[in-house]
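Reader: Can you walk me through this one? I'd like to start with the overall layout and then get to the details.

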Amino acid sequence: MKAIVIEEYGSADQLVEREVPTPEIKDNQVLVELHATSINPVDWKVREGYLKDNLPFQFPVILGWDAAGIIKEVGEAVTGFSVGDNVFARPATNAFGTYAEYTAIDSNLLAHMPENVSFAEAASIPLVGETAWTALVEIAKIKEGDKVLIHAGAGGVGSLAIQIAKSFGATVAATASSDNDDYLNDLGVDVFIDYKKQDFESELNDYDIVFDTMGGEIQEKSFNVLKKGGIIVSITNPPSEELAKTNEVKTGYFFLEPDGKRLAKLGELMKNNQLKATIGSQFPFTENGMREAHRLSETHHAKGKIVINIKS
């Protein structure tokens, strides 16, 4: 099968097209013919070698951990899925990712695609959607009436976090640049903060939840907008326990553990038009297409998700 791989760590130029064996599935897996995948920052961080101590892969490595496609083969122990099903997933983090025509996925990480969603849209959801859901629902325990601040609301994680929070009946504030004011308003943001001109710390107070996707000084300032008993959940680095004690708030920090049941809940929101993918850019499944997609992601200014169309 065709795949885009890296054979050593380095720049986007290390992404090269190769013919590699089609995966053989285990009893608990399905073989998915991929129609689309998407780019996440973890992809190029692995490519650069930043995570090589945590993820000691053997070359060649197929990057990519968002999948949308059609099941072509089902393992003997798999139930609930059949050949021909349209599915999406955040596969396990291994060296046999989704920059390929086929991939093997553990069945417990799979969910059926909603019928009203395209492969490109489905591929945009798993990693960022599960990240946002874990932060807001599983850790922060979001509920109706909560006031929630979401940093970097125009990004892949932030844009889905906004929609998830609104689906629970929360009041949502989000930071972004002025270019994204209309976009975030369309997503349902109640309070828009232009981070270049406004100081969120002085304009917001008594918030129940802060979802931190930035870290650093922004994370530290975020403690000051929380009410006593509130919570700050971060995906960048563990929030200060000292600041948490001083401000009488809670903290959360996690690495995503993907789960098909969680993804199915996101699928229900998509089915009910409460959650939509924002595809900012699409690229072909070619060596040059993948390199351009990585370079765009590395700018940190991509709006929404970057999709790779594997099947045109």
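This is a predicted model: local features need pLDDT of at least 70, side-chain atom pairs count only at pLDDT 80 or more; totals for chains, interfaces and linings use all residues.

Reader: Noted. Which domains does the assignment give for the chain?

Author: The assignment gives domain 1 as 2-126 + 277-309, and domain 2 as 128-253.

Reader: How far apart are the C-alpha centres of domain 1 and domain 2?

Author: Those centres are 28 Å apart.

Reader: And how many residues are in contact between domain 1 and domain 2?

Author: Nine from domain 1 and eight from domain 2. Between them, about 730 Å² is buried, and carbon and sulfur atoms supply 50% of that area.

Reader: OK, helices. How do H3 and H4 cross?

Author: Helix H3 spans residues 126-139 and helix H4 spans residues 156-167; their axes come within 8 Å and cross at roughly 50 degrees. H3 and H4 are therefore oblique to each other. An angle of 65 to 115 degrees would have counted as roughly perpendicular.

Reader: Is the crossing of H3 and H4 left-handed or right-handed?

Author: The H3 and H4 crossing is right-handed.

Reader: Which residues in H3 and H4 meet?

Author: On the H3 side they are Val128, Gly129, Thr131, Ala132, Trp133, Leu136 and Val137, and on the H4 side Gly156, Val157, Leu160, Ala161, Ile164 and Ala165. By class, that contact of H3 with H4 has ten nonpolar residues, three polar and no charged ones.

Reader: What about H3 and H9, what angle do they cross at?

Author: The axes of H3 and helix H9, residues 260-271, come within 10 Å and cross at roughly 95 degrees. That makes H3 roughly perpendicular to H9.

Reader: Which residues meet there, in H3 and H9?

Author: From H3, Pro126, Gly129, Glu130, Trp133, Thr134 and Glu138 meet Arg262, Leu263, Lys265, Leu266 and Leu269 of H9. Five of the residues in the contact of H3 with H9 are nonpolar, two are polar and four are charged.

Reader: Now H1 and H10. At what angle do they pack?

Author: At about 105 degrees, with the axes of H1 and helix H10 (residues 287-298) 9 Å apart. H1 and H10 are therefore roughly perpendicular to each other.

Reader: Which residues meet in H1 and H10?

Author: H1 brings Pro41, Asp43, Trp44, Arg47 and Glu48, while H10 brings His294, Ser297 and Glu298. The contact of H1 with H10 divides into two nonpolar, two polar and four charged residues.

Reader: Switching to the backbone. Is the peptide bond from Phe59 to Pro60 cis or trans?

Author: The bond from Phe59 to Pro60 is cis, with omega near -5 degrees. Most peptide bonds are trans. Pro60 sits in the loop between helix H1 (41-48) and strand E4 (67-74).

Reader: And Glu248, what is its phi?

Author: Phi of Glu248 is near 55 degrees, a positive value in a residue that is not glycine. Most residues other than glycine have a negative phi.

Reader: Where is Glu248?

Author: Glu248 is in the loop between helix H8 (241-247) and strand E13 (250-253).

Key. Residues are numbered from 1 along each chain as its sequence is written. Side-chain values use heavy atoms; hydrogens and water are left out. Axes are lines fitted to C-alpha atoms, for helices over the stretch in contact, and angles run from 0 to 180 degrees between N-to-C directions. Helices (H or I, at least four residues) and strands (E, at least two) are DSSP runs, numbered from the N terminus. Angles under 35 degrees count as roughly parallel, over 145 as roughly antiparallel, 65 to 115 as roughly perpendicular and the rest as oblique. A crossing is left-handed if the near helix is turned anticlockwise from the far one by less than a right angle, and right-handed if clockwise. Contact means heavy atoms within 4.5 Å. Ala, Val, Leu, Ile, Met, Phe, Trp, Tyr, Cys and Pro count as nonpolar, Asp, Glu, Lys and Arg as charged, and the others, Gly among them, as polar. Domain bounds come from an automatic or database domain assignment. Buried area is the accessible area (1.4 Å probe) that two parts lose on being put together, summed over both.
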